[in-house]
Amino acid sequence: MPFRYRLLLLVSLVVLALDQATKLYIDSRFALYESVTVFENFFHITYVRNKGAAFGILADNAFRVPFFITVASLAAIGILWYLHKLGEGQKLHVLALSLIFSGAVGNLIDRIRLGEVIDFLDAHWYQHHWPAFNVADSAICVGVGLLLLDMWRQESAKKKAAA
């Protein structure tokens, strides 16, 4: 089995297990909107459910569940197709796409199972809160960051080679 598929499998198993385990724990141990302080005025564990996308976008639309299931499914399929096209030397690219894939699938599981996503990581500065998020969201953000870093590194290498 090529490296890219082994890495995808490993990352997916770890991220999905951590994502689903934390969501199940929060759902079983916390009441909706219950919050526990981890770091005063900075970070709480707060149980919320997000019917929309990032920042609650489309939360009140009737077509939101089929729309988000379709988009996440297409994204996952697109990532698998792109991974298949990557060369063996693009390890950071593979890691980044594996994280994005895993995060998309983690939230897709919630959308299929619940019609919404469980969020619980609540970062804030006093009363200024960032929208709550979860492990899957974190994997997507880290994956996008690594993807951008790898693209920048590849572009820099091309410029150096051309000079």
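## Salt bridges

D19 and K23 form a salt bridge, with 2.9 Å between the closest N and O atoms. The model is a predicted one. Because D19 and K23 are four residues apart in helix α1, about one helical turn separates them. An α-helix has 3.6 residues a turn, so residues three or four places apart point the same way. D19 is buried, at a relative accessible area of 0%, and K23 is buried too, also at 0%. A network of salt bridges links D19, K23 and D110.

The count of salt bridges comes to five. One of them joins R4 to E88, where the closest N and O atoms are 2.5 Å apart. This pair links distant parts of the chain, 84 residues apart: R4 is in helix α1, and E88 is in the loop between α2 (64–85) and α3. R4 counts as buried because its relative accessible area is 11%, under the 20% limit. E88 is partly exposed, at 41% relative accessibility.

In another salt bridge the side chains of E116 and R49 meet at 3.0 Å, N to O. E116 is buried, with a relative accessible area of 12%, whereas R49 is partly exposed at 27%.

## Helix α4 and its cover

Helix α4 covers residues 135–162, 28 residues in total, and reaches 40 Å from its first C-alpha to its last, close to the expected 40 Å. At the start of α4, a side-chain oxygen of N134 comes to within 2.9 Å of the backbone nitrogen of A136.

The buried residues of α4 are V135, A136, A139, G143, L147 and D150. Their cover includes α1 (3–29), α3 (91–114) and β3.

## Two residues of helix α3

H93 is in helix α3 and is buried, at 3% relative accessibility. The side chain of H93 makes a polar contact of 3.3 Å with that of Y82. Beyond residues up to four places away in sequence, H93 touches Y82, L86, L147, D150, M151 and Q154.

K91 is also placed in helix α3. K91 lies 11 Å from L147, C-alpha to C-alpha, with the two 56 residues apart in sequence. Leaving out residues up to four places away in sequence, K91 touches F3 and L7.

## A nonpolar surface patch

V38, F39, F42, W125 and Y126 form a nonpolar patch on the surface, with about 570 Å² of accessible area together. Y126 is in the loop between β3 (117–125) and β4 (128–129) and is partly exposed, with a relative accessible area of 43%.

Definitions and conventions: Residues are numbered from 1 along each chain as its sequence is written. This is a predicted model: local features need pLDDT of at least 70, side-chain atom pairs count only at pLDDT 80 or more; totals for chains, interfaces and linings use all residues. Side-chain values use heavy atoms; hydrogens and water are left out. Patches are made of residues with over 30% relative accessible area and no salt bridge: like charges are joined within 9 Å, nonpolar side chains (Val, Leu, Ile, Met, Phe, Trp, Tyr) within 5 Å. Accessible areas come from the Shrake-Rupley method with a 1.4 Å probe; for residues, only the protein chains shown count as cover. A salt bridge is a side-chain nitrogen of Lys or Arg within 4 Å of a carboxyl oxygen of Asp or Glu. Buried means under 20% relative accessible area, exposed over 50%, partly exposed in between (1.4 Å probe, protein chains only). The expected span of a helix is 1.5 Å times one less than its number of residues. Contact means heavy atoms within 4.5 Å. A polar contact is a pair of N or O atoms within 3.5 Å; within protein, one must be able to donate a hydrogen and the other to accept it, and residues adjacent in sequence count only if both atoms are side-chain atoms.
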